[in-house]
Structures are given as C-alpha cells and as structure tokens.
Amino acid sequence: PGFDQVDGFVETWYDQSGNGRDAVQATAANQPKIVNAGSLVTGGLLFDGSNNILSANDVSSVVTGEDKPLGVFTVASRQSAAAIRALWAFERSTTTTPSIQVSTHPFIDRYGYKISDDSGVSKQETDVAYTDDTQFLMTFASSGTLLDFGKNGTLSQDDEDVDVGTITLDSFNIGGGVNSDIAKHIGTINEIIVYASDQRNNITAIETNINGHYSIF
C-alpha cells in the first residue's frame, strides 16, 4: 500500500487522451488482473464477474448539451454466465439505475444497451450475439437522439431513436456499475475508446483502425 506494485493487479487504467480521466480501483480485492495464476492474461484485463471494476469519476462534462452525443468503442471478450452483466456503464450517484450502459441479457447470449434519463424514462435493446471467450469489438455511437449499435463491423441498430430527457452523469465504470445491482463483467477488456461527440459518420474508419490492430473480424 502506498507504492506502485508489480503484482498482477491493476489499480489504475490510464487515460491516454490527455484529459486525465484515469479509471481507478483503490480496493485490492476489486481490482482486475493482468496476470492470472502466474500467466499473463491474453486479451487485456481480466474481470472476475464478482466485484472487479474500474471507475473514472467527475465525468459530468464528458457528455454535454441537450442531445448528449457519445461514442464508445470496446474491445473485450466474455465468459458464459446466466446474468445481466454490464460491460461498461455511465452512472449518476442519486440512483441505482445506470444512465447509459451496455450489458448482456440474462438468459440469451446477446448484448444490448439501455439509456435512462433522470426521470426514469428509458430506451433499451438487446440485439448483438456473442461467442464465449471470443474477442469482439462493440460499437455504441449516439447523437443523443439517434443511436448506431453493433459488433465486429456490423450494425444491428442503425439510427435507432433513443431520444430521452435530461441525463446526469457522475462516473464512468469499466466492467460494470458501482451503484447498480447489475452483475459485473466476467471476461477480459482490452481497450475502451470514449468520444464526447457524435461519431456515427466515423464508425467505419474507427472500427477499421481498431481492427487493424487486433484482427478481430
């Protein structure tokens, strides 16, 4: 404690944008791993599905304006488990309902999204299939009123209407939600790129760039 430790557990996932929004976890038992049972984890950080989570606080300025533009591109893999498990979530401290999240359906092997405003009005969809222990690229790109959502270069939702009311954001959580009772991600997360802007016209270019590195599809 109090020192940078080389022990296979990740306390800080550094923000490479220069904005200083590092995702951190000070509690050792809640930290994801880059080394598991003496071997380097393949595919990023390993989340155990129980309590592993990293959080970047004070993100109220990330998504601004009435239309709430947002783009999130995630490289991850997931182990099989019958539960609603959040891959990532934007939250507000006043409720246990995440403001914006991407998570799995509890009984079918599919990912979906849910967007909830401060008054409880929500839009959601469960649509993207996944294969156990197989790396995927998940795309979530919204103008605030229209959403493109898909996996591995294919959109399942194109210009989907997701116009809701005011959304207040306090934290961005990797691997699940802090206030939510939704289960945590089980599997790996390699990279998350977040834009506080509408990236729907740039999806193909962004996905091509990411896939050029990871060769996912």
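Predicted model: local features only at pLDDT ≥ 70, side-chain atom pairs only at ≥ 80, totals over all residues.
**View 1. The largest pocket and its lining.** The pocket holds about 570 Å³ of space. Its lining consists of 21 residues. Strand E15 (171-174) and strand E17 (186-195) are the elements that each contribute two or more residues to this lining. E17 gives the most, with 6 residues. Nearest the pocket centre lie Asp-15, Gln-16, Ile-192, Ile-193 and Val-194. Sorted by class, the lining comprises 14 nonpolar, 4 polar and 3 charged residues.

**View 2. A nonpolar surface patch at Ile-34, Val-35 and Leu-40.** These three residues make a patch of about 260 Å². Ile-34 sits in the loop that runs between strand E2 (23-24) and strand E3 (35-36). The relative accessible area of Ile-34 is 33%, so this residue is classed as partly exposed; that class lies between the limits of 20% and 50%.

**View 3. Ala-37, a residue with positive phi.** Ala-37 is not a glycine, yet its phi is positive, at about 55°. The residue is found in the loop between E3 and strand E4 (39-40). Ala-37 counts as exposed because its relative accessibility is 79%, and the exposed class begins over 50%.

**View 4. Ser-215, in the segment after helix H1 (203-214).** Ser-215 has a positive phi of about 50° although it is not a glycine. With a relative accessibility of 59%, Ser-215 is counted as exposed.

Notes: Residues numbered from 1 in each chain as written. Heavy atoms only, no water. Patch = residues over 30% accessible without salt bridge, like charges linked within 9 Å, V, L, I, M, F, W, Y side chains within 5 Å. Areas by Shrake-Rupley, 256 points an atom, 1.4 Å probe, with all protein chains shown as cover. Salt bridge = Lys/Arg side-chain N within 4 Å of Asp/Glu carboxyl O. Helix = DSSP H or I, 4+ residues; strand = E, 2+ residues; numbered from the N terminus. Buried < 20%, exposed > 50% of the residue type's maximum accessible area, 1.4 Å probe, protein only. 1 Å grid on protein atoms, 1.4 Å probe; cavity = no way out; pocket = protein on both sides within 12 Å on 5 of 7 lines; lining within 4 Å. Points joined across faces, edges and corners; volume = space filled by probe spheres on them. Nonpolar A, V, L, I, M, F, W, Y, C, P; charged D, E, K, R; others polar.
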